[in-house]
Amino acid sequence: MLTKSAETIIHTYIDDDFSIWYYGDKELTPDIANSLLQPLQTRFCDEFIDFLCSPLNGMKIEAREQVWPRPEIYADGPKWSFQYGLSVCGIGDRVPAWMHLIEATEQFRNGTGLFAVPFMSILGDQDEYCFVESGEIVKYDKDTGTLLAVNNSFNSILEKELKELQERKERIKRSSPY
């Protein structure tokens, strides 16, 4: 049940300079996904449910270290130069605890006091995309502690972030002495 849109987006922007991990469970159906998500008391869009029911469930993408060397501790540089990947939370037994929607939501709600479900984050950035109770997608701004309206679909956000990741990677490659 791989969403064609998500698959197409990933194949458009993710090349051999990236590593991708995912933890999809072929037994996961929309009914099972909705049942597992019910304790979160939040609506989720069909695109995200389709994503969860695909092999891409619980996905992490990052630029290979040979292409984008990791900054050293206390390194200084523009914010974008630390943002070498992204992760999308998932559900199911195969998804690691740190990116499991239930666990991530519990930590987020306890840490912020906000009733939202974090589902996508950019590595090296503390802001997170979240679903709110109504099913709308918002972005949590860590600096202000607020949820900001996004007005985009799951696949649109995925495409935007992967395109920007690809552009950052190309910028790193152009400036790399390696």
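Where is the place of I20? I20 sits in strand β1, and it makes a handy starting point for a tour of this predicted model. Local features here need pLDDT of at least 70, side-chain atom pairs count only at pLDDT 80 or more, and totals for chains, interfaces and linings use all residues. Residues are numbered from 1 along each chain as its sequence is written, and side-chain values use heavy atoms, with hydrogens and water left out. Helices (H or I, at least four residues) and strands (E, at least two) are DSSP runs, numbered from the N terminus.

**Around I20**

- I20 is partly exposed, at 32% relative accessibility; buried means under 20% relative accessible area, exposed over 50%, and partly exposed in between (1.4 Å probe, protein chains only).
- Not counting residues up to four places away in sequence, I20 touches I10, M59, K60 and I61, where contact means heavy atoms within 4.5 Å.
- I20 and G85 are 65 residues apart in sequence, while their C-alpha atoms are 9.5 Å apart in space.

**The nonpolar cores**

- In soluble globular proteins, nonpolar side chains tend to be buried together.
- A nonpolar core is a set of buried Ala, Val, Leu, Ile, Met, Phe, Trp, Tyr and Cys residues joined through side-chain atoms within 4.5 Å.
- The largest such core has 44 residues, and L101, L158 and L162 touch the most other members.
- Helix α5 gives the most to this core, with 6 residues.
- L158 touches A6, I9, F51, M59, V88 and M120, again leaving out residues up to four places away in sequence.
- Another core, of 6 residues, lies apart from the largest one, and its members include A116, C130, V132 and V138.

**A network of salt bridges**

- The count comes to 10 salt bridges, each being a side-chain nitrogen of Lys or Arg within 4 Å of a carboxyl oxygen of Asp or Glu.
- One of them joins the side chains of K169 and D15 (3.0 Å, N to O).
- That pair links distant parts of the chain, 154 residues apart: K169 is in helix α5 (residues 154-175), and D15 is in the loop between α1 (4-13) and β1 (18-21).
- K169 is buried, at 0% relative accessibility, whereas D15 is partly exposed at 30%.
- The side chains of K173 and D17 also meet in a salt bridge (2.8 Å, N to O).
- Because K173 lies in helix α5 and D17 in the loop between α1 and β1, this pair ties together parts that are 156 residues apart in sequence.
- K173 is partly exposed at 39% relative accessibility, and D17 is buried with a relative accessible area of 15%.
- K169 has a salt bridge with E170 as well (2.6 Å, N to O), and E170 is partly exposed at 29%.
- Through shared partners, salt bridges join D15, D17, K169, E170 and K173 into one network.

**The largest pocket**

- The largest pocket has a volume of about 290 Å³.
- On a 1 Å grid over the protein atoms alone, a pocket is an open set of points where a 1.4 Å probe fits, with protein on both sides within 12 Å along at least five of seven lines; lining residues have an atom within 4 Å of a point.
- Grid points are joined across faces, edges and corners, and the volume is the space filled by probe spheres set on the points.
- The lining has 17 residues, of which W98, A104, Q107, P118 and E128 are the closest to the pocket's centre.
- Helix α4 (101-112) and strand β4 (116-123) each supply at least two lining residues, and α4 gives the most, with 5.
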